[in-house]
Every structure is written in structure tokens, then in C-alpha cells.
Amino acid sequence: MSIKKMLKYIGSALALLPSAGIAGVIIQAQTISSNAPIYDNTYNLSNVIDQSGLRWNYTSGVTDFDFYLSSNTDGRPPISHENVAEYGLGFAEGVSDISLLLGFGELVTIESLALWNRATGSQGIKTFSLTASTDASFSSEIFIGNFFADTGLNYSGDSLAQTFEFTPVSASFVRMDISSHYGNLGVSFDELAFERHVNVPEPNPLFLFVISTLLISVRYKLATWISTK
Ligand SMILES: [Ca+2]
């Protein structure tokens, strides 16, 4: 390796040193239950947490949340969900005040919800709230917030995701209370997933200082040596 190249590599290494930050991965709930009757046997509660109908699947706990939701497949817009009844969820007509209980199977810190609302017809969720808890009985619940969902977000009949961000909160369970929907038919939507907050460990400051000092020193000595030749 030439001295010039070595100087270049050391410069690049110095630029890369202070790399740390936060990232969020997409996770699906492991369990789901509800207080409300389902429209018919076509629909199933698990259809909204099992990735059924999504044009491209993610790996829960691994795939980057923002990357997944901004990706497209075969020229389609960001990840859409097929408009097929067997891949979605519909509640009985006339039922309101629906509560969904979602369980993660472990304590996680969540910071966003992605919702693929029903894109066609008049069944989509309109207003809802989210509440977090570390236990299934919600004995020490934490209110996350009230949210307003859009309807009609679609591409050729497929539904598109809407993201709802909130202050990071620790939860083993989340309750979704649906207070209103669009139209007079039963409440219906296609899929939901959460963003899990992930802390990337900060590098040890002392280690960074020693490495930086060594690299700067080597680079300076090499440059000085070259200038005397
Ligand atoms: Ca689905």
C-alpha cells in the first residue's frame, strides 16, 4: 500500500469513528383478542397481525420500520395490502366501541403504529386510542393518545399504510379502542404493526478518544515524513 493510500484510509477511519444512534424495527403483535363479534367466518382476528395480504413481508424484530414502509415492490407504491376479505378483519354491522387487545409476548418499547385501514367502501376506522400496559389486566395502564385515521388510502384497491407516531412507551400489551368508523357498515381494516424502539449502544468515549488520538498521531507523522522527502 502506498503512503498516500494509507493517509486516505486513516482519514476515512477517523470520519467513521463517532457512529451511534437510534433505529426502529417493525414488529407484529403475537396475540390478539376482542370484545366484539366478527362479521362472519371469512374474517379472522389474526388476519391483521400475520402479514396476510401484504405485498412484501417483513421479518418481525429485524426489518427497519421506516425502510419497510417506504419501500416499494415491482413499481408499486410503498407496501400495500391486497383487498381480499380473507386477509383482513371485519366486525359485525352496528357494533361500535370495539376494543382490541394486542400482546407482544415480551416487554418492548414501541414508538409508532402502522395501520393498513380499509381502503374501499365505508368500513374503515376513523378515530381510535391506544393504551399500553405491562400486564394483560391493564392494572397500571399508560394512555398513549387519541388518533384520527384516514380512509381511502389505496393503490388500485390495495390499502396503504398510515403511520401514527407517539412518545416511546414500554408495553407487553396494547389496547386499541376504536370509537368511530366511516359509514354505517361494520368496522373493517387490513393489518397493523408497531415500531419497536431500539437503542444502538454508544461507543465507549475513552476508547474513541484513544483510537482517534492514535490515528491522528500516525497520520501527522506520516504526512511530516512525506514532506521531508
Ligand atoms: Ca392482513
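A: Strands pair when DSSP finds at least two bridges between them. His81 has Ser159 in β9 as its bridge partner. Note that this is a predicted model, where local features need pLDDT of at least 70, side-chain atom pairs count only at pLDDT 80 or more, and totals for chains, interfaces and linings use all residues. Residues are numbered from 1 along each chain as its sequence is written.

Q: How many helices and strands does the protein chain have?
A: Helices (H or I, at least four residues) and strands (E, at least two) are DSSP runs, numbered from the N terminus. Here the protein chain has three helices and 10 strands. Along the sequence the pattern reads α-β-β-α-β-β-β-β-β-β-β-β-α.

Q: What does β8 form with β9?
A: The two strands form a hairpin, with two residues between them. In the turn, Ser156 has a positive phi of about 50°. Strand β8 (residues 154-155) runs antiparallel to β9, joined by two bridges. Tyr155 is partnered with Asp158 in β9.

Q: How many bridges link β6 and β9?
A: Eight, in the antiparallel sense. Within β9, Met176 stands opposite Leu130.

Q: And how does β5 pair with β9?
A: Again look for the bridges. β5 and β9 are antiparallel over 14 bridges. Ala114 has Thr163 in β9 as its bridge partner. Leu113 stands opposite Phe164 in β9.

Q: Which strand pairs with β5 over seven bridges?
A: That is β10, in the antiparallel sense. Trp116 stands opposite Glu191 in β10. Strand β2 (residues 31-34) also runs antiparallel to β5, with four bridges. There, Ile32 stands opposite Leu102.

Q: What share of the residues counts as buried?
A: Count C-beta atoms, placed from the backbone, within 10 Å of a residue's own: 20 or more others means buried, 12 or fewer exposed, and in between partly exposed. Of the 229 residues in the protein chain, 28% are buried.

Q: Which residues touch the most other members of the largest nonpolar core?
A: A nonpolar core is a set of buried Ala, Val, Leu, Ile, Met, Phe, Trp, Tyr and Cys residues joined through C-beta atoms within 7 Å. The largest one holds 42 residues, and Ile26, Leu102, Leu115, Val174 and Met176 touch the most other members. β5 gives the most to this core, with eight residues.
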